[in-house]
Amino acid sequence: MTATNKQVILKDYVSGFPKESNFDFKTNTVEFKVPGGSNSVLVKNLYLSCDPYMRIRMGKPDPSTAALAQAYAPGQPIFGYGVSRVIESGHPDYKKGDLLWGIVGWEEYSVITPMTHMHFKIQHTDVPLSYYAGLLGMPGMTAYAGFYEVCSPKKGETVYVSAASGAVGQLVGQFAKMMGCYVVGSAGTKEKVDLLKTKFGFDDAFNYKEEPDLTAALKRCFPKGIDIYFENVGGKMLDAVLLNMNPLGRIAVCGMISQYNLENQEGVHNLSNIIYKRIRIQGFVVLDFYDKYSKFLEFVLPCIKEGKITYVEDVADGLEKAPEALVGLFHGKNVGKQVVVIARE
């Protein structure tokens, strides 16, 4: 048995902001079987996750990022996190009908070799499957590890989250509120700012595009200073945060979306504050924390079922909408976690 398999292809390496024209579609045929004696698994992809880090993979291979962000190959399908159903399996841990999340191609069907901390069998199906592309997948684990493991939060501390309405930021803010922290977020539209305050329970929020002076905006929101900054943006925002950090503050560097599309990335100012205020800045990647995934599920699943966590998704319908959805991330078009539905099943 065979089926046609539509794929999203990167035409060539990208410089500057990605455009829909950087991508193309091609169709091949997939056979519903896996090579005998192999550990391969044929999966039908149901949901795809659009994530800012994918921009790094679109550029020419860079030795400084190669270990964590392998460049996409022009003319080949791009890949990222997705939610899939097993069609055929040669792997002892997976059988036909199983659900999993992890790295798959941007295509209708993928042949993968499941790897530890790269692919995870889905055991809990009493929540929306799409959550495994966000809240219960890589973005959720990123928020959990970055906040609890890297930031070492304490009750009553002040927490600032940039890009706060996105896949990771919306969760960091809610985790911080559950800890008893004072939380402020920033976003780029009035709709997103309202969402932070009314849906996600942030104590305050502001539209960074309407602030002529980011340092003053942060001073207004944090008159007593910032204890924890969850960094998703970089650039001028980081400059302003350093001036507003408290002594012994912590900055978890999750992403720097303001820099990904620049040919020459901006430098950082106000670095002497790191010395005088004894600030700890730590970059992290979620791959280093997947050994805590079961602990994360034990924590977050009850929160979902008890209504303690709210999660907002921005859903694009159909693989043909995937390039538009991915490119939209870099223009702030998504409201919440950007997901592409290939098949709802």
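Buried residues are those under 20% relative accessible area, exposed ones are over 50%, and partly exposed ones lie in between (1.4 Å probe, protein chains only). The views show a predicted model, in which local features need pLDDT of at least 70 and side-chain atom pairs count only at pLDDT 80 or more, while totals for chains, interfaces and linings use all residues. Residues are numbered from 1 along each chain as its sequence is written, and side-chain values use heavy atoms, with hydrogens and water left out.

View A. Helices (H or I, at least four residues) and strands (E, at least two) are DSSP runs, numbered from the N terminus. Of the 13 residues of helix α2 (residues 138–150), 11 are buried, so the helix is largely enclosed by the rest of the structure. Among these buried residues are M138, M141, A145 and V150. Just after α2, S152 takes a positive phi of about 45 degrees.

**View B. The packing of α2 against α3.** With axes taken as lines fitted to C-alpha atoms, for helices over the stretch in contact, and angles running from 0 to 180 degrees between N-to-C directions, α2 and helix α3 (residues 169–178) pack at an angle of about 45 degrees, with their axes 9 Å apart. Contact, meaning heavy atoms within 4.5 Å, brings G140, A143, Y144, F147 and Y148 in α2 to L171, V172, F175 and A176 in α3. The residues of this contact divide into eight nonpolar, one polar and no charged, where Ala, Val, Leu, Ile, Met, Phe, Trp, Tyr, Cys and Pro count as nonpolar, Asp, Glu, Lys and Arg as charged, and the others, Gly among them, as polar.

**View C. Surroundings of L136 in the largest nonpolar core.** A nonpolar core is a set of buried Ala, Val, Leu, Ile, Met, Phe, Trp, Tyr and Cys residues joined through side-chain atoms within 4.5 Å. The largest has 93 residues, and those with the most contacts inside it are W101 and L136. Not counting residues up to four places away in sequence, L136 touches W101, V127, Y131, Y293, F296, L297, V300, L301 and I304.

**View D. V335 in the loop between α9 and β15.** V335 is found between α9 (322–328) and β15 (337–341), and at 17% relative accessibility V335 counts as buried. Its contacts, leaving aside neighbours within four places in sequence, include E191, K192, L195 and V312. The C-alpha atoms of V335 and L195, which are 140 residues apart along the chain, are separated by 9.0 Å.
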